[in-house]
Amino acid sequence: MEIKGHKEKMLFYVTKLGKLRSADNASFDSHDEEHNARCYQGTRVELLQHIDTWASDLGSEYLFWLNGMAGTGKSTISRTVAQIFADKGDLGASFFFRRGEGDRCHAGFFIGTIATQLVQKVPSLAPHIQKAIEADPDISRKALKIQFETLVLQPLRKMQTDTQKPSRIVIVVDALDECDQEEDIGIIIRLLPQVRHITSVQLKFFLSSRPELHIRLGFEDIKGKYEVLALHQIPEPVVKEDISAFLEHELATIRQNYNNRTNVQVLVEMAMPLFIFATTVCRFIRDRRCGQPNEQLSKVLKYHTKSQLSKLDAMYLSVLNPLLVGVTESEKRGIVEEFQQVVGPIIILASPLSATSLDLLLGVPEGTVDSRTDLLHSVLSIPSRAGHPIRLFHLSFRDFLVDTEKRETNPFWINEKDVHGKLATRCLQRLSTNKYLKKDICDLQTPERPRADVDRQTIDLHLPADIQYT
């Protein structure tokens with residue numbers, strides 16, 4: 001079939017690419033990532049320069065691995081790096097893995113998403129990828145090695161070198177540790193170095209993750225083929241100065257007299273080296289639902305001397321413990337049970353739901369989830385618009401709540417296995433007590449049509465979000 005005109009060709013290619021499995025909102029500039037932090041101006045200067053130098057150096061490795069423990073600012077750095085390369089015209093694609101965000105934690109959607117974004121950056125790839133899809137319509141369901149070879153490497157090899165196209169392309173991959181299958185992480189790490197054989201462009205990957213054992217072993221398998229920087233290797237004075245600059249700015253925007261040196265120094269000491277501590281504390285102090293800023297600040301500073309607590313424990317307990325102040329023991333038990341009933345599902349769900357959908361799924365009165373999360377805006381991303389999902393600001397909050405070693409010391413501890421069981425029961429109950437569980441639930445009149453060919457609007461029209469989840 002001959003297709004005339006550039007616009008017609010691109011429309012044709014876009015239609016074909018739509019058959020690839022790709023994850024919604026996985027790119028750094030998606031709406032889901034819009035309100036997440038970038039590096040505060042004047043911070044992480046040397047680190048960002050180091051990454052930019054790596055990307056520019058023709059002789060550097062094709063992979064850069066940034067690693068650090070929970071809360072050290074990896075995702076903030078990744079978003080900033082992606083923005084910098086996008087501004088320069090060098091960003092080819094980005095994929096931000098997120099546990100509990102549906103397709104965004106599934107490696108099966110990773111390569112299709114990258115290929116789809118690469119075509120937007122380098123349109124001359126489109127006909128090659130289109131031919132690959134026509135040759136195998138199920139290519140994005142094949143093994144990761146086959147997908148990478150067919151959708152990325154082969155199209156790049158076939159693409160003619162064009163001096164008008166960008167000489168370098170950087171792909172940013174954040175939170176690799178939040179991919180749901182450890183084996184898939186190892187495969188991805190072993191596949192990426194193959195881009196060094198591409199001559200049409202200089203393609204590089206920037207990756208970030210926690211330094212989990214299976215990830216370290218994966219990089220050990222490709223020893224000598226990547227550059228690595230561990231955030232704990234950055235000199236302490238540099239990190240301390242960056243956290244201090246951020247706190248001074250944020251506290252000043254809340255109220256001028258809160259950014260005095262004493263308060264800032266104490267908070268910096270409490271936060272080091274965790275940027276998530278600083279950002280969460282500022283959200284907590286700013287949240288007027290919980291109290292006046294000076295009261296909120298005092299609640300946080302009380303944990304300064306509690307050295308037996310980890311820094312993350314101290315941060316989250318400073319947010320949660322005020323919920324139990326001034327009530328009887330029986331009232332405390334009730335508050336904790338209500339917290340666990342609502343927050344447990346929020347942190348366990350395979351994909352996030354809105355407060356309204358959670359009310360329906362949990363079988364609680366309308367408005368229950370809203371009221372029980374009203375004082376948790378510093379640890380949960382709670383949208384102001386109804387119908388938008390509630391999300392975690394940071395995975396460390398989930399880790400804090402489900403850690404079995406904290407069962408006796410954390411009054412808000414959540415039994416992960418118990419929550420999964422209750423959610424499964426509620427899903428079955430929800431399906432069995434309404435009109436949705438029936439043949440041809442979307443009224444397609446063509447029951448043989450594959451699920452992949454049913455558009456999102458049709459599904460949303462016939463199935464509420466909580467039913468889709470079940």
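Is tryptophan 65 buried or exposed? Select this residue in the predicted model: at 5% relative accessibility, tryptophan 65 counts as buried, because the cut-off for buried is under 20%.

The rings of tryptophan 65 and phenylalanine 219 form a stacked aromatic pair, with 4.1 Å from centre to centre and 10 degrees between the planes. Tryptophan 65 belongs to strand E1 (residues 63–67) and phenylalanine 219 to helix H8 (residues 213–220), so the pair links distant parts of the chain, 154 residues apart. Phenylalanine 219 is likewise buried, at 1% relative accessibility.

Phenylalanine 95 is in strand E2 (residues 91–96), whereas phenylalanine 110 is in helix H4 (residues 110–121), 15 residues apart. Phenylalanine 95 is buried at a relative accessible area of 0%, and phenylalanine 110 is buried at 3%.

The structure holds 11 aromatic pairs. To view a cluster, select Trp54, Phe64 and Phe206, which are linked by ring pairs. Arginine 21 can then be shown over the face of phenylalanine 109, at 4.5 Å from the ring centre.

Finally, display helix H10 (residues 261–271) and helix H11 (residues 275–286), whose axes come within 8 Å and cross at roughly 130 degrees. H10 and H11 are therefore oblique to each other. Leu267, Met270 and Ala271 of H10 make the contact with Phe277, Ala278 and Val281 of H11. By class, this contact has six nonpolar, no polar and no charged residues.

Notes
Residues numbered from 1 in each chain as written. Predicted model: local features only at pLDDT ≥ 70, side-chain atom pairs only at ≥ 80, totals over all residues. Heavy atoms only, no water. Axes fitted to C-alpha atoms, helices over the stretch in contact; angles between N-to-C directions. Helix = DSSP H or I, 4+ residues; strand = E, 2+ residues; numbered from the N terminus. Parallel < 35°, antiparallel > 145°, perpendicular 65-115°, else oblique. Contact = heavy atoms within 4.5 Å. Nonpolar A, V, L, I, M, F, W, Y, C, P; charged D, E, K, R; others polar. Phe/Tyr/Trp six-rings, centres within 6.5 Å; stacked < 30°, edge-to-face > 60°. Buried < 20%, exposed > 50% of the residue type's maximum accessible area, 1.4 Å probe, protein only. Lys NZ or Arg CZ within 6 Å of the ring centre and 35° of its normal.
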